[in-house]
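Open the model in your viewer and keep the sequence panel handy. We'll go stop by stop, with something to select each time.

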Amino acid sequence: MPATAANVLGFALVALLLLEGAAYWTVKLRALSAGGGAPLPGAAVFAAARVVNLLLLGLGVPLTALAVADDPGSGTIPGLLFTLFAVLEHVNYFHTQLMYDTPEDRRSRRRNGRRRAHLARDLERARKLGTGRPSADGPGAPDVPGEG
């Protein structure tokens, strides 16, 4: 894969999203091992990342798509694919869980439909605890029983 602007941009976007996901799970697991009842440590950072991601993806998708339209091939198509994967990762982390790893997860999805992403639920909890009221975008989908 040549290191063109489109390919580097797409790779950078997906790498950023994967690093954010790794950071979230590191913070979440540390909080759980420390007793875990408090809101997500660093919730404001993740809330800001959600907004910054939208801006970066809003620029990255059209730029890589234009690059593919201008010169399709190995210099641009991998970048577009990376960028689209970054969009899916953003949705998976900040909105709706797209990945279901275990057979029980898949059965639950068939019975109950898609569920909100863990990070989205943690950010909502942090907003409620921080202000004493739900956020303007509503309470969202309920948690699946037995999840925390």
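What pLDDT does the chain average, and how many of the residues score at least 70? The average is 88, and 88% of the residues score at least 70; pLDDT is the predictor's confidence in each residue, from 0 to 100. This is a predicted model, so local features need pLDDT of at least 70 and side-chain atom pairs count only at pLDDT 80 or more, while totals for chains, interfaces and linings use all residues. Residues are numbered from 1 along each chain as its sequence is written, and side-chain values use heavy atoms, with hydrogens and water left out.

**Stop 1: the whole chain.** Switch to a cartoon view. You'll find five helices and zero strands, in the order α-α-α-α-α along the sequence. Helices here are DSSP runs of H or I with at least four residues, strands are runs of E with at least two, and both are numbered from the N terminus.

Stop 2: Searching the whole structure turns up three aromatic pairs. Rings of Phe, Tyr and Trp (its six-membered ring) pair if their centres lie within 6.5 Å; planes under 30 degrees apart are stacked, over 60 edge-to-face, the rest tilted. Select Phe11 and Phe82: the ring centres are 5.6 Å apart and the planes sit at 75°, so this pair is edge-to-face. Phe11 belongs to helix 1 (residues 5–33) and Phe82 to helix 3 (residues 77–94), so the pair ties together parts 71 residues apart in sequence. Now show the surface: Phe11 is partly exposed at 45% relative accessible area, and Phe82 is partly exposed at 26%.

Stop 3: Next, pick Tyr24 and Trp25. They make an edge-to-face pair, 4.8 Å centre to centre with 65° between the planes. Is each one buried or partly exposed? Tyr24 is buried, with a relative accessible area of 2%, whereas Trp25 is partly exposed at 35%.

Select residues 137–148, where the pLDDT is below 50. Beyond near neighbours in sequence, this stretch has 18 contacts in the model, a contact being heavy atoms within 4.5 Å. Where pLDDT is low, the predicted coordinates should not be read in detail.

Definitions and conventions. Buried means under 20% relative accessible area, exposed over 50%, partly exposed in between (1.4 Å probe, protein chains only).
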